[in-house]
Amino acid sequence: MRIYAYEDRFGDPRFGVLVDDRLLTGAQLEKRGGLREVDTHLGLGLTITWVDGWRQSLDAATRRALAQGARLIDPADRRPLGVIDASGLGGKVVCVGLNYGDHAREGGRTAPDRPMLFAKFGNALIGDGDPIVRPPGTHALDLEVELGVVIGRTVRRATEDDAVHAVAGYVVVNDVSARDWQGNIAALREGEKGDGQWLRAKGSDTFLPVGPVFVTPDELDPAAGLALRSWRIPGSGPDAGTPALMQDGTTADMLFGVPALVSFISQQITLEPGDLIATGTPAGVGVFRDPPVFLEPGDRVRCEIDGIGAVENPIIDWTDDPRGDA
C-alpha cells in the first residue's frame with residue numbers, strides 16, 4: 001500500500017491511497033469505500049499510533065471504493081504534505097550516522113563497528129514544498145537523502161527477526177545539516193569551531209523534510225537495493241534552475257540494515273508507534289566536495305528514493321522566515 005498526504009480542497013490536511021500513481025482521496029475512501037474506522041483527517045502518524053487495524057481498514061475500503069467506481073485524481077492536483085508530521089510523530093526521531101561505507105570514506109572516517117545514533121525532534125519536521133530555514137549563525141547548510149523507517153508497534157529489546165515486524169512503512173527524508181556547527185573542517189571559516197555535539201547542527205527548525213508518500217513493507221525491500229539520489233537546484237548564477245546531482249547511492253550499501261537498526265536501537269530505547277528512524281546517507285554530500293557545495297537561500301533541494309518518491313524544498317534565510325519571531 002502507498003499512502004499520500006495532501007491538503008484537501010477545503011485546506012485541511014488529509015491522506016488517501018495511491019493506486020497506480022493516481023490518488024484515491026480520503027473523501028472517496030469514505031463515500032465509496034465506506035471507511036469508518038480510520039479518520040483520514042487525523043494524519044497517518046496519529047492513525048498508526050492510535051488506531052488498531054488501520055492498514056486492514058484502508059485495504060478493505062480501497063477495494064470497495066474501486067469496485068464502486070471511485071474517481072482517481074492526479075496527486076499533483078492537491079498540495080502535498082509531510083506524511084509524518086510533528087503532530088503525528090510518535091515522540092522520537094532516531095538518526096543514524098555513517099551508515100554507508102562510501103559516505104564514511106568520503107569524510108576520511110572508518111566504518112563504525114556499531115550504529116552511531118543521534119536525535120532530532122518534532123520541530124525539525126516539515127513537508128514537501130515547505131521552506132528549509134537557514135538559521136542565524138550558520139553559513140554551511142548541506143543535504144542528506146535518507147530512507148525513513150516508521151515504527152508501527154511498541155518494540156523493546158527486539159531480535160532482528162522480531163524487529164522486522166515492527167516496521168509500519170517507509171518514507172523519504174532529508175537530514176539537513178549545518179556543517180559548520182557540526183564541526184566539519186571544510187565548512188569552518190578562520191576562527192570558527194564546531195559545537196562539540198550535533199544538536200543545533202542536525203536538530204534546528206525545518207531540518208527534516210519528510211515526503212508525502214508512505215509505503216508499506218510488502219511493497220519494497222531496502223536490503224534488495226533502493227536507489228537514493230539528491231539534487232541541488234541553484235537559485236542564481238549561470239546554472240540557475242538546473243538540477244545538479246549530488247548523491248547517487250543504494251540502500252544495499254547500508255552497513256546496518258533496517259532489522260539490525262531497529263533491534264540495536266530498541267535494546268536501550270523503547271520504540272513506539274509513529275517513531276521515525278532516519279537510516280543514514282550515501283556519499284555525495286556537499287561538505288566533502290572540492291570545493292565544498294553548500295545550500296544557499298534561493299536554492300531548492302530534492303531528495304528521491306526509488307519505489308517511494310521525493311521531497312523537494314526551497315532554502316530561505318531566517319530573515320525571510322514566514323513564522324517570524326516569537
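**Figure 1. Contacts of F214 in the predicted model.** F214 touches M1, R2, I3, L44, I48, W54, V83, V150, A168, G169, Y170 and V171, where residues up to four places away in sequence are not counted. The structure shown here and in the views that follow is a predicted model.

**Figure 2. The largest nonpolar core.** This core has 49 residues, and W54, L58 and F214 are those that touch the most other members. Two or more residues come from each of β1 (2-7), β2 (13-19), α2 (44-50), α3 (54-67), β5, β7 (125-126), β11 and β17. Helix α3 makes the greatest contribution to the core, giving four residues.

**Figure 3. The five-stranded open sheet.** Five strands form an open sheet in the order β8-β19-β18-β15-β16, and their pairing is mixed. At the edges lie β8 (132-134) and β16 (244-250), each of which pairs on one side only. From one strand to the next, the twist averages 20 degrees.

**Figure 4. Strand β15 and its pairing with β18.** Strand β15 covers residues 227-233 and strand β18 covers residues 300-305; the two pair in the antiparallel sense over six bridges. Within this pairing, R302 of β18 is the bridge partner of W231. I233, in turn, stands opposite R300 in β18. Strand β15 is largely enclosed by the rest of the structure, because six of its seven residues are buried.

**Figure 5. Strand β15 and its pairing with β16.** Strands β15 and β16 run antiparallel and are joined by six bridges. R229 has D248 in β16 as its bridge partner. Strand β16 is one of the edge strands of the sheet.

**Figure 6. The mostly covered helix α8.** Helix α8 spans residues 258-266, and seven of its nine residues are buried. The buried residues in α8 are V258, A260, L261, V262, S263, I265 and S266. Several strands and a helix take part in covering these residues, including β5 (93-97), β6 (116-120), β10 (145-151), α5 (160-164), β11 (167-174) and β17 (276-278). Of these elements, β5, β11 and β17 are also among those that give two or more residues to the largest nonpolar core.

Key: Residues are numbered from 1 along each chain as its sequence is written. This is a predicted model: local features need pLDDT of at least 70, side-chain atom pairs count only at pLDDT 80 or more; totals for chains, interfaces and linings use all residues. Side-chain values use heavy atoms; hydrogens and water are left out. Two strands pair if DSSP finds at least two bridges between them. Axes are lines fitted to C-alpha atoms, for helices over the stretch in contact, and angles run from 0 to 180 degrees between N-to-C directions. Buried means under 20% relative accessible area, exposed over 50%, partly exposed in between (1.4 Å probe, protein chains only). Contact means heavy atoms within 4.5 Å. A nonpolar core is a set of buried Ala, Val, Leu, Ile, Met, Phe, Trp, Tyr and Cys residues joined through side-chain atoms within 4.5 Å.
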